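This report describes a protein model, with attention to its metal site, its sheet and its backbone. The sequence and the structure are shown first.

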Amino acid sequence: MSHAQGYAAQSAETPFAPFRFDRRELRANDLRIDILFCGVCHSDLHTARGEWPGTVYPCVPGHEILGRVSAVGPEVTGFEQGEIVGVGCLVDSCLQCPSCGEGLEQFCENGFTGTYNGADRVTGENTLGGYSDHIVVRQEFVLKIRHSEEQLAAVAPLLCAGITTWSPLRHWQVGPGSKVGIVGIGGLGHMGVKLASALGANVVAFTTSPSKREEALRLGASEVIVSRDADEMGAHMGSFDFILNTVAAPHDLDPYVSLLKRDGTMVLVGVPAEAHPSPSVGNLVFGRRSIAGSLIGGIAETQEMLDFCAEHGITSEIEMIAMHEIEEAYRRMTASDVKYRFVIDMATLDKAA
Ligand code: NAP
Ligand code: ZN
């Protein structure tokens, strides 16, 4: 066992506070990773605040983990001590079912193990995530990082925001000639704009925040629509091949479905605490349009996305925070006031706490 220092929520109502706990002894194929940076995902907030059912407390969130390998188990073959690595939303799965066999560990038919708020497959203990000084993960769920050292803080958000937008863009074959809408320009959405535009698509960003208009253009959108403006929305009726909706709050989906072409698809990745109002059936039927969902991405696909980003110089737009600033970061995230991802500098974790 190794003693770990982190930040935990003890209940849905309690503010985060320093928390000491133990990480498991290395199993034969485990790595111990000293965490340098951890991104702050809206899923961390949904979980820590009990907005989704099933949070186990104490809760240590964090699944955009960037760190350095500090120890390896005897059967580790692909990694060495001192190497820079990443860990995303998954730390284990059965690796035997058909979905795992296809590299879709996020759809493991025996249930994947989340980086936090999951059950360890051996001990059943609640998993604790990246708001901490180190983590122990089996090597199959650790990612290689090929970006340069100075980019590392801005690479952390690729481990969730990057792969969650990359996976549907690839699955629905977005590329040159596609007209793609990205709805909600937050952590996920801003990566969606960057990645869809790097894949060659014509990208239109939809935001409720007029202050994000200029930046969304800089990120790669050819046009930015303030979604509360019905005229701006109306100008694009029936013209999109694909829309990726990242919004973390319930909203009317119909105006977006109306923007799809015949056979177009809107993929929902945002998982609001309350349901969206039911979309109109007629809007789907007349035009054979689809609403679909997508969950993060598999490990091989995450590596593919990281390598693509390293090759194309793509990172996240970040605002670095100290660990004790997490409550304020959550408050601002709830107010859509993040440009575009908070990343915790783990050097600020108070060891003495
Ligand atoms: P985020 O950084 O808070 O961004 C969400 C964005 O949605 C906001 O910046 C805002 O963008 C827009 N928005 C917020 N409230 C809105 C409202 N009431 N009406 C319309 N737009 C609103 O969150 P995130 O980290 O990107 O996560 C987004 C969602 O995806 C969360 O629900 C999260 O749990 C989920 N998620 C899902 C997966 C998956 O695998 N499916 C993975 C990770 C996260 P504008 O200011 O541009 O309007
Ligand atoms: Zn996430």
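The sections below take up the zinc site, the sheet, the helix contacts and selected residues in loops.

## Basis of the model

The structure is a predicted model. The values given in this report are accordingly computed from predicted coordinates.

## The zinc site

The zinc ion (ligand 2) is held by three donor atoms: SG of Cys41, NE2 of His63 and SG of Cys160.

Cysteine 41 is in the loop between β3 (30-39) and α1 (42-48), and histidine 63 is in the loop between α1 and β4 (65-72), so the pair ties together parts that are 22 residues apart in sequence. Cysteine 41 has a relative accessible area of 3% and is buried, because the cut-off for that class is under 20%. Histidine 63 is likewise counted as buried, at 7% relative accessibility.

## The six-stranded sheet

Six strands form an open sheet in the order β12-β11-β10-β13-β14-β15, and their pairing is parallel. The edge positions are taken by β12 (223-226) and β15 (290-293); each has a single partner strand, so one side of each is left without a neighbour in the sheet. From one strand to the next, the twist averages 20°.

Individual pairings can be followed across the sheet from β10 to β15. Strand β10 (residues 179-183) pairs with strand β13 (residues 240-245) in the parallel sense over four bridges, and valine 180 stands opposite phenylalanine 242 in β13. Five bridges connect β13 with β14, again in the parallel sense; here leucine 244 stands opposite valine 267 in β14. Strands β14 and β15 also run parallel and are joined by four bridges. Valine 267 has alanine 292 as its bridge partner in β15.

On the α4 side, the contact involves Gly162, Ile163, Trp166, Ser167 and Arg170. On the α10 side, the residues are Glu301, Thr302, Glu304, Met305 and Phe308. By class, the contact of α4 with α10 comprises four nonpolar, three polar and three charged residues.

## Cis peptide bonds

Two cis peptide bonds may be inspected in the backbone. The bond from tyrosine 57 to proline 58 is cis, with omega near -5°. Proline 58 is in the loop between α1 and β4, and histidine 63 is placed in the loop between α1 and β4 as well.

The bond from lysine 339 to tyrosine 340 is also cis, with omega near -10°. Tyrosine 340 is in the loop between α11 (326-334) and β17 (341-345).

## Positive phi values and a buried histidine

Asparagine 117, a residue other than glycine, has a positive phi near 55°. Its position is in the loop between β7 (113-114) and β8 (134-138). With a relative accessible area of 24%, asparagine 117 is partly exposed. Isoleucine 296 is not a glycine either, yet its phi is positive, at about 25°. Isoleucine 296 lies in the loop between β15 and α10 and is buried, with a relative accessible area of 9%.

Histidine 236 is found in the loop between α7 (230-234) and β13. At 7% relative accessibility, histidine 236 counts as buried. Apart from neighbours within four places in sequence, histidine 236 is in contact with Lys179, Val204, Glu223, Ile225 and Leu259.

Definitions and conventions:
Residues are numbered from 1 along each chain as its sequence is written. Chains are lettered from A and ligands numbered from 1 in the order in which they are written. This is a predicted model: local features need pLDDT of at least 70, side-chain atom pairs count only at pLDDT 80 or more; totals for chains, interfaces and linings use all residues. Side-chain values use heavy atoms; hydrogens and water are left out. Contact means heavy atoms within 4.5 Å. Helices (H or I, at least four residues) and strands (E, at least two) are DSSP runs, numbered from the N terminus. Ala, Val, Leu, Ile, Met, Phe, Trp, Tyr, Cys and Pro count as nonpolar, Asp, Glu, Lys and Arg as charged, and the others, Gly among them, as polar. Donors are N, O and S atoms within 2.8 Å of the metal (3.2 Å for Na, K and Ca); water is not among the atoms, so sites may look incomplete. Buried means under 20% relative accessible area, exposed over 50%, partly exposed in between (1.4 Å probe, protein chains only). Two strands pair if DSSP finds at least two bridges between them. Axes are lines fitted to C-alpha atoms, for helices over the stretch in contact, and angles run from 0 to 180 degrees between N-to-C directions.
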